[in-house]
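Here's a quick briefing to read alongside the model. Have the viewer open and follow the points topic by topic.

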Amino acid sequence: MAAKDKHKAEHPAPKAEHSGQHTPKAQKTDHGTPKNAPGVPNPVEDTKGVTVKKAEDMPEWYSQVCVKARVADYSPIKGCMVIRPLGFALWQAIQDEFNRMLKEDGVENAYFPLFIPESFFQREAEHAEGFKPEVAWVQNKDDDAGKERFAIRPTSETIMYDSYGRWVRSWRDLPLRINQWANVVRWEVKDVKLFLRSREFLWQEGHCVYETAEACHEETMHYLERYRQIAEDLLAVPVFLGKKTAREKFAGAISTYSIESLMPDGKALQMGTSHDLSQGFAKAFNISFQGRDGEQRLPWQNSWGFSTRLIGALILAHGDDKGLVLPPRVAPNKVAVVPIIFEKEKEMIVAKAEEVGLMLNEFRPIVDTRDEYTSGWKFNEYELRGVPLRVEIGPRDIAKDQVVLVRRDTGAKEIVPFLKARDRVAELLEELHENLFQNAKRRIEASIVAVEDFAAFERAIESKKMVFASHCGEDDCEFVIKEKTAATARCIPFDEEKATPKKGATCVHCGEPAKYNAYFARAY
RNA sequence: GGGGCUGUGGUGUAGCUUGGCUAUCAUUGGAGGUUUGGGACCUCUAGACCCCGGUUCGAAUCCGGGCAGCCCCA
């Protein structure tokens, strides 16, 4: 069908353009929405909607929502995924916001190679050991016999710091602050899941070098706060901030800090990490500088990252039995305008819908004027796809100079005068964000239980809760807890008061004196 | 790391136990018509046995291996 209508989807054409009269037949030929028009779906696959309830079978629900809402799709290779336009639009919205932050902070984007020489990995022993099980290697036997093999990056510390070693000479070169948007490969074998655990995923990784430990630590914390903003203010997913235990920290870091959330199935999800690398990599990669005093010194480094896993988080956190619910600030189309078309008034109704689309242009509306689908079909479609607000406009509304607004989160309908629609849409989108966030927050708070003995710990984990408990801080003890319950230490809260055990408190598992309080849960 | 379940048009399925003619049904796609305030209806049409090997006159069906998906345990 005509390419002309491509514009209708997201950029409604002015009313005047449609003032010419056509016969119904000609109209269909000239004005039908083209396949693959942006925003307007072309349902080539199953369009029946999600067949299981979220609360009853979340793994199946999650998979169906990803596939049926056309966020992502499976690929022929285990653990690899196709990110479809809707999923990628979400990623781009996250990128846009984070790039804005980077710019504000003065961190620059760059790009380093996908392949890393094996010898680079071995320079930092703990790092090499930590990533060993999941690195994928490239070795072409014909060309490279006897030569060093290459890793496909699971993370880029080593390849980047090799360059940094040559770039940093003087204190004047510091701080060196670079971010990279890239794909990485971690060869997971078990429990792969779209977005949440895949062999290849997209992420950003910031890698900075500082003159002093203080400056380094400050920015390590600053980016943890940036991640909180991305999760909570952009995606409406509540998180808590904390420090990883020694067992769970990044291989090669002295401290790892993370933002953690709890999904509705009781599983914790790490949504971003910021690592204080101290001087270990600087030593291993010969990054040094001449200080202000003329002495040769080692700099301090951090690295921080989040991935497309965030998309999985927002799907799990907000979706419902009808499908996806997109938090308004990342939704590529915040509004879907659905005209209620009646044959005899078709021209007028379609024109009005386009006028509404134009009025709401800042919200990138989908204006679905196709007449080969009924309005009921479209309602279901945009609900499945998670569009935050639906605007209905039919003959009754036109007669009364009004539109009908329907929220995706609550399903609440309201009628607003035509001229007030734009302002009301803006308000509702904000309310929607807040409502999603508060609902998730209440759910999470209700799912955390403080326990003092191990029997209660096991019961709580078994009933899909997150546990807050005192721990001795011993790696072995933490390991045994994992063996027994499959739960891992998620983080030690920042709040000193929360993190410090009561006087005389003992470890929830081994009974030794407690060193700190931490959150435990089964995790993705 | 261990165990289990599953794989048939784009999607969901019947058939498989007990091998046999043109692989069932619905939906989706295409064409046409009639419709449109919560997944409309009619007519015509297109489209599939995961891959490799074995047993057999004959395999979607039985056997072995592989690949992929899902679940449970650790």
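Let's start with a strand pair: β18 and β19 run antiparallel and are joined by five bridges. Keep in mind that this is a predicted model, where local features need pLDDT of at least 70, side-chain atom pairs count only at pLDDT 80 or more, and totals for chains, interfaces and linings use all residues. Residues are numbered from 1 along each chain as its sequence is written, while chains are lettered from A and ligands numbered from 1 in the order in which they are written.

**A few terms first**

- Helices (H or I, at least four residues) and strands (E, at least two) are DSSP runs, numbered from the N terminus.
- Two strands count as paired if DSSP finds at least two bridges between them.
- A contact means that two C-beta atoms, placed from the backbone, lie within 7 Å.
- A residue is buried if 20 or more other C-beta atoms lie within 10 Å of its own, exposed if 12 or fewer, and partly exposed in between, again with C-beta atoms placed from the backbone.

**The chain as a whole**

- Chain A has 18 helices and 23 strands.
- Of the 524 residues in chain A, 42% are buried.
- Take the contacts in chain A between residues at least 6 apart in sequence: 70% of them join residues at least 24 apart.

**The five-stranded sheet**

- β18 and β19 belong to an open sheet of five strands with mixed pairing, in the order β16-β15-β17-β18-β19.
- β16 (366–367) and β19 (413–417) are the edge strands; each has a single partner, so one side of each has no neighbour in the sheet.
- β15 (residues 335–339) and β17 (residues 389–393) run parallel, joined by five bridges, and Val335 has Leu389 of β17 as its bridge partner.
- β17 and β18 are antiparallel, with four bridges between them; here Glu392 is partnered by Val404 in β18.

- Helix α15 (residues 421–445) lies across β15, β17, β18 and β19, at about 5 degrees to β18.
- For both angles, axes are lines fitted to C-alpha atoms, for helices over the stretch in contact, and values run from 0 to 180 degrees between N-to-C directions.

**Nonpolar cores**

- A nonpolar core is a set of buried Ala, Val, Leu, Ile, Met, Phe, Trp, Tyr and Cys residues joined through C-beta atoms within 7 Å.
- The largest one has 100 residues, and Val337 and Val467 have the most contacts inside it.
- α15 supplies the largest share of this core, eight residues.
- Leaving out residues up to four places away in sequence, Val467 touches Val449, Val451, Phe457, Ala460, Ile461, Ala487, Tyr519, Phe520 and Ala521.
- There is also a second, separate core of 24 residues, with Phe120, Ile159, Val209 and Phe289 among them.

- In α16 (residues 454–462), the buried residues are Phe457, Ala460 and Ile461.
- Seen down the axis, these fall within an arc of 95 degrees, so they line one face of α16; the arc is that of the directions from the helix axis to the C-beta atoms.
- Their cover includes β20 (448–450), β21 (466–471) and α17 (475–485).
- In α13 (residues 375–384), Lys378, Glu381, Tyr382, Glu383 and Leu384 are buried, and the buried residues of α13 pack against α3 (58–68), β15 and β17.
- Positive phi values follow both helices: Lys464 comes after α16 with phi near 65 degrees, and Gly386 comes after α13 with phi near 85 degrees.

- Most residues other than glycine have a negative phi, and most peptide bonds are trans.
- The Leu174 to Pro175 peptide bond is cis, with omega near -5 degrees, and Pro175 is in the loop between α8 (157–167) and β7 (176–185).
- Ala236 has a positive phi near 60 degrees, in the loop between α9 (213–234) and β9 (240–243); with 27 C-beta neighbours inside 10 Å, Ala236 counts as buried.
- Ala486 has a positive phi near 70 degrees and lies in the loop between α17 and β22 (488–493), but Ala486 is exposed, with 12 other C-beta atoms within 10 Å.
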